[in-house]
Amino acid sequence: MPTTGDVRIGVFVCDCGMNIAGSVDCPSLVEIAKSIDGVVHAEQNRYTCSQPGQESIRKAIAEHKLNRIVVAACTPRIHEPTFRKCAADAGLNPYLVEMANIREHCSWVHQDDKAAATMKAADLVRSSVERARRLSPQKEAALKVHPAALVVGGGIAGIQAALDLADQGHKVYLVEKSPTIGGLMARLAKTYPTMDCPT
Amino acid sequence: MTDVRQHPNIVLLTSSEIEEVSGYVGNFHVRVVKKARYVIEGDCTACGDCSKVCPVMVPDEHQEGFSFRKAIHIPFPQAVPSAYVLDMANCLGNNPIACGKCFEACQKKCINYDMKDEVVEFDAGVVIVATGMETYDPTELEEYGYRKFPNVVTTIEFERLLSEGGPTEGHLVRPTDMKQPRRIGFIQCVGSRSRKRGNPYCGNICCMNTVKDTLLLSEHYPDAECTVFYIDIRAFGKGFEEMFVRSKEAGVRYVRGIPGEIREDQATGNLILSAENSSTGRVEDFEFDMVVLSTGVVPARGSEEIRRKLTLSKSPDGFLLESHPKLKPVDSPTKGVFFAGCAESPKDVKDSVTQAGAAASRAGILLAKGEVKIEAITSAIVRENCVMCGACAKVCPYNAIIPPDKAKGVYPSVIEAACAGCGTCSAECRFDAIEMRHFTDEQIMSQIDALLAEKPEEKILVFACNWCSFAGGDGAGTARLQYPPSQRIIRTMCSGRVDEKFVMRGFEKGAAMVLVSGCHFSDCHYISAVRWTQKRVEKLWDRLEKLGIRPERLQLEWISAAEGVKFARVMKELDEMRKTVAPAEVAETRRIIEEADRKKADRKAAKPQAL
């Protein structure tokens, strides 16, 4: 994968309402992003994760022939799947999307120092752009699942798990080391809270 | 139990042990050894004619040795499969001169002394581990006299004495004189909740089991006097508190205090003990006809073997470690393997059934879908650089790397379906012979360079793992905990991915401080990868010291996803430390590392054959 030349990166800076825009200077961030080598498009969105925000990404991918996406917004632990899907819908491999966490790790924790927060956000965007430049498409391969289950142990838990799987229509091998199933439960006189016979 | 026998989708293999499980999610291959039963299972009608003529008597395991069984026997009347089994270790002999009585008595001719163990092999897409538990053996607690005083029994022994299917058909007697005991003492937490002997954890079921036993006793033997010695009564389940109240209303005495010692009156076989009742502060003396030790629980024998065969982990208590204590409580860290029942932790019947349903449902998702997406973030061997040292295979928590065979010239290879993508192999490889997809050296190095391009001496470079410390940082943000804006985070999936050279690059580029942070040991998303993180950081501290760089400038912290507060605190502390690093010190560090790199390059140049 080339690291210059063909790389066309789009950067999307999210205001998240005032959540980010309240302590990060988002317009400046867009300008900084535009100045980075390989970034051919940068824009500011009110909420990048919203339907209009995602539409804007899809449009930009088509319009600017983007082949890498950087979303500077919240933590990837929330919306990475959202933006990966958005990119995939626009025909881009989902692993060519990178997020810069400028909300949880920046705007929310440096609320009293907008200049420092903006500097930090700019670093995080630069870091994400550099990473994005070097990303390669990835493929999640699919493996066939053999249609049978092994259940190890024939106590109450193994019995129940085997029956539940078998009732779902799956073949089950229930392996028990003693000559009978029943396990420890079969040795109890009565079981609480119903006080009935265990076997 | 009979449903299992009758279910058309279940193949039941009893007297069977797992010999080997190979493969990975969706494609496990299983080898089972089915031990010879010496009775043809399908033909036996469980008429019992064989057992009647068998001359061998041995203590009956099912009855805790309180009665005898024959060498040819059925474990208990409701056993499934409903077939006799010949215990060959105790059988007099399989030739007619020695005995052969059962063979003659069996009209169906389903006894076969020459039966052999059988190997059964099959494929399975998923595995559910339900290896269960056993009760704690209190023999080591000598002060209670178990095995010395016959009238001191364990919970399970007491269950057999109460059971209608038990050795006395449900008539409670005590072992010394076969008389019905009137005064019965129960001692709770035997082998549980102790840091000194037995186990530190709570047995979960013992309180309610004792409450149940006292209710059974008060129902069947109105003159029985029960006393329960306890630390706390843990009656937390649905309907449990009500049972506890009923037990107290039935006249059962609950004494908060554990006796230190049990003595026996040799003349009567009665048991004498004293306990400090912490509710009254008084030491009281007691005499009982029988004492029940409410024993805790331990993982089943044999679960350790299964654990190794499936490359699972255990928590400090010895039970199997789940993938996540809250969000994936029935998944094992190995894909396609799930837990049901007490294999994972002590539980009662209801919780075991609940968890079994959950495990069946989780496993059923894979089976119903018929395919499983495997992780795109996996490692790949770069053969040109590989020296076949095998370090990668050694550190892989999933055994997902087939080790190299240097003699045969076979390179290591990655089983992609088993690889979870932690990147520990890549970080441990000193020869850059493993590429971690989506988290390549080049990608991470470029992030370090970008983050430290301006005013690096004012910055703290932080490596945070996706699942715990990065998430802990998210938590700090969500709670709006303010901390100084000096740190710059790089996310890796696991802290195990953090290569020594990443840390050195951070210092070379002028970072004032570097932090490596990951999950607490028990939370590691990649079984045990975090242990390698620790070893690597310790190695780095030595290296920094030797180079003349203050090791304190590299910090290691375990921060969980729930520890936003700790994350913010660590960031503040690091910022304080950062202020002690003067620009001159940073400049000196850069000079030291550049010089070391130059020397290394010179050495390489001097030995061109090594390239």
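# A guided tour of chains A and B

Start by selecting B:Ile527, which sits in the loop between β28 (513–518) and α14 (529–547) of chain B. Helices here are DSSP runs of H or I with at least four residues, strands are runs of E with at least two, and both are numbered from the N terminus. What you have open is a predicted model, where local features need pLDDT of at least 70, side-chain atom pairs count only at pLDDT 80 or more, and totals for chains, interfaces and linings use all residues. Residues are numbered from 1 along each chain as its sequence is written, with chains lettered from A and ligands numbered from 1 in the order in which they are written.

Most residues other than glycine have a negative phi, and most peptide bonds are trans. Is B:Ile527 buried or exposed? B:Ile527 is buried, with 20 other C-beta atoms within 10 Å. The cut-offs are 20 or more other C-beta atoms within 10 Å for buried, 12 or fewer for exposed, and partly exposed in between, with C-beta atoms placed from the backbone.

Now jump to B:Arg147, in the loop between β10 (133–135) and β11 of chain B. B:Arg147 is not a glycine either, and its phi is positive, about 80 degrees. B:Arg147 is exposed, with 11 other C-beta atoms within 10 Å.

Two prolines come next. Select B:Val80 and B:Pro81, which are joined by a cis peptide bond with omega about 0 degrees; B:Pro81 lies in the loop between β6 (72–73) and β7 (85–86) of chain B.

**A sheet in chain B**

Show the strands of chain B and look for β11-β18-β12-β13-β14, the order of five strands in an open sheet with parallel pairing. Strands pair if DSSP finds at least two bridges between them. At the edges are β11 (152–154) and β14 (253–256) of chain B, each pairing on one side only. From one strand to the next, the twist averages 25 degrees.

Zoom in on β11(B), which runs parallel to β18 (residues 290–295) of chain B and is joined to it by three bridges. Which residue of β18(B) stands opposite B:Thr154? That residue is B:Leu293.

Next, select helix α4 (residues 155–162) of chain B, which lies across β11 and β18 of chain B and runs at about 95 degrees to β11(B). Axes are lines fitted to C-alpha atoms, for helices over the stretch in contact, and angles run from 0 to 180 degrees between N-to-C directions. To see the contact, highlight B:Thr155, B:Phe158 and B:Leu162 of α4(B) with B:Cys206, B:Asn209, B:Asp213 and B:Leu216 of α5(B). Contact requires C-beta atoms, placed from the backbone, to lie within 7 Å.

**Where the chains meet**

Color the two chains separately: 77 residues of chain A are in contact with 98 residues of chain B. On the chain A side, the largest share, eleven residues, comes from α7(A).

Select α7 (156–167) of chain A together with α8 (residues 349–369) of chain B; the axes of α7(A) and α8(B) come within 8 Å and cross at roughly 35 degrees. Among the residues that meet are A:Ala157 and A:Ala161 in α7(A) and B:Ala356 and B:Ala360 in α8(B).

Then pick β5 (142–144) of chain A, which pairs over three bridges with β21 (residues 371–373) of chain B in the antiparallel sense. A:Leu143 has B:Val372 as its bridge partner in β21(B).

**Last stop: an enclosed helix**

Finish at helix α13 (residues 500–508) of chain B: seven of its nine residues are buried, so α13(B) is largely enclosed by the rest of the structure. The buried residues include B:Phe502, B:Met504 and B:Phe507. Display the cover too, which includes α11 (441–451), β26 (460–465), β29 (554–558) and α16 (583–606) of chain B. After α13(B), look for B:Gly510, whose phi is positive, near 100 degrees.
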